[in-house]
Amino acid sequence: MSDGEKAQPKRRRGRRRGRRAADSATGRAENRAVETAADGATPTSRPKPRRPRSTHHGPGRLRTVHETSAGGLVIDGIDGPREDQVAALIGRIDRRGRMLWSLPKGHIEVGETAEQTAIREVAEETGVQGSVLAALGSIDYWFVTDGRRVHKTVHHYLMRFASGELCDDDVEVAEVAWVPIGELESRLAYADERRLAQVADELIDKLQTGGPAALPPLPASTPRRRPQTHSHTRNHRVDEPAPGRKNGRGPVP
């Protein structure tokens, strides 16, 4: 018999001895547990190691709330030549000190429809009164504030200027301005609102071609019955006005 044939059985016997040793150790541990239980003590198992508690609170741990707002794009001269039409925008200063221009908007309060909120918020944030002509569309987005994950939906409307003069008395607004219709896409800070400006441009064409009857009907809107949360994410007005600001129907910045 060769050396290779003699070595193979030895390895198998070694593996069997290893298994018998392991089985023996397991049996001794079980016997000790049985003996301890027989003495009247409760056998205890080895506690599992605890995983370290994570200090990171992801979005799933935050309370989710839903908010609904409404606003409008109010146009002065909407029935006249396109080059004379201007829209009322509001400006807010972000954390980097940049002026961001957007459409006026705000929370829908109890007892208000979305259209009523749009008229009120335009008046509060710009100082001018408008009447709703058609729906521009809705924007929804998520953000985190005050330990809450907020899902906000904003309904926007195309509005005809009725009366008033631009005013930035609202503490949440840094500036207000009449901006020519042709400059809206370059002036508005947010892509979703630039898209709404394109929709407004199409609706104005329909209005001038076929009159108010050519506009799509307003979607149904019912008064809000319950109050909602109000997130505090807006930037407050700076103490000093920006240089060269013009209120009212004057030169645009």
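**A tour of ring contacts and one buried glutamate**

Start by selecting F161, which is partly exposed at 21% relative accessibility. The cut-off matters for this residue, because buried means under 20% relative accessible area. The model on screen is predicted.

Is W178 buried or exposed? With a relative accessible area of 4%, W178 is buried.

Show both side chains together. The structure holds two aromatic pairs, and F161 with W178 is an edge-to-face pair.

Now colour the two strands. F161 belongs to strand β6, residues 148-164, while W178 belongs to strand β7, residues 175-180. The two residues are 17 apart in sequence, so their pairing ties together separate parts of the chain.

Move on to the arginines placed over rings. Select R149 and W142: R149 lies over the face of W142, 4.2 Å from the ring centre. Then select R187 and W101. Here R187 lies over the face of W101, and the distance to the ring centre is 5.9 Å.

For the last stop, go to helix α2, residues 114-126, and pick out E125. E125 is buried, at 0% relative accessibility. Which backbone atom lies 3.2 Å from a polar atom of the E125 side chain? Display K105 to see it: the atom is the backbone nitrogen of K105.

Notes:
Residues are numbered from 1 along each chain as its sequence is written. This is a predicted model: local features need pLDDT of at least 70, side-chain atom pairs count only at pLDDT 80 or more; totals for chains, interfaces and linings use all residues. Side-chain values use heavy atoms; hydrogens and water are left out. Rings of Phe, Tyr and Trp (its six-membered ring) pair if their centres lie within 6.5 Å; planes under 30 degrees apart count as stacked, over 60 as edge-to-face and the rest as tilted. Helices (H or I, at least four residues) and strands (E, at least two) are DSSP runs, numbered from the N terminus. Buried means under 20% relative accessible area, exposed over 50%, partly exposed in between (1.4 Å probe, protein chains only). A charge sits over a ring if NZ of Lys or CZ of Arg is within 6 Å of the ring centre and within 35 degrees of the ring normal. A polar contact is a pair of N or O atoms within 3.5 Å; within protein, one must be able to donate a hydrogen and the other to accept it, and residues adjacent in sequence count only if both atoms are side-chain atoms.
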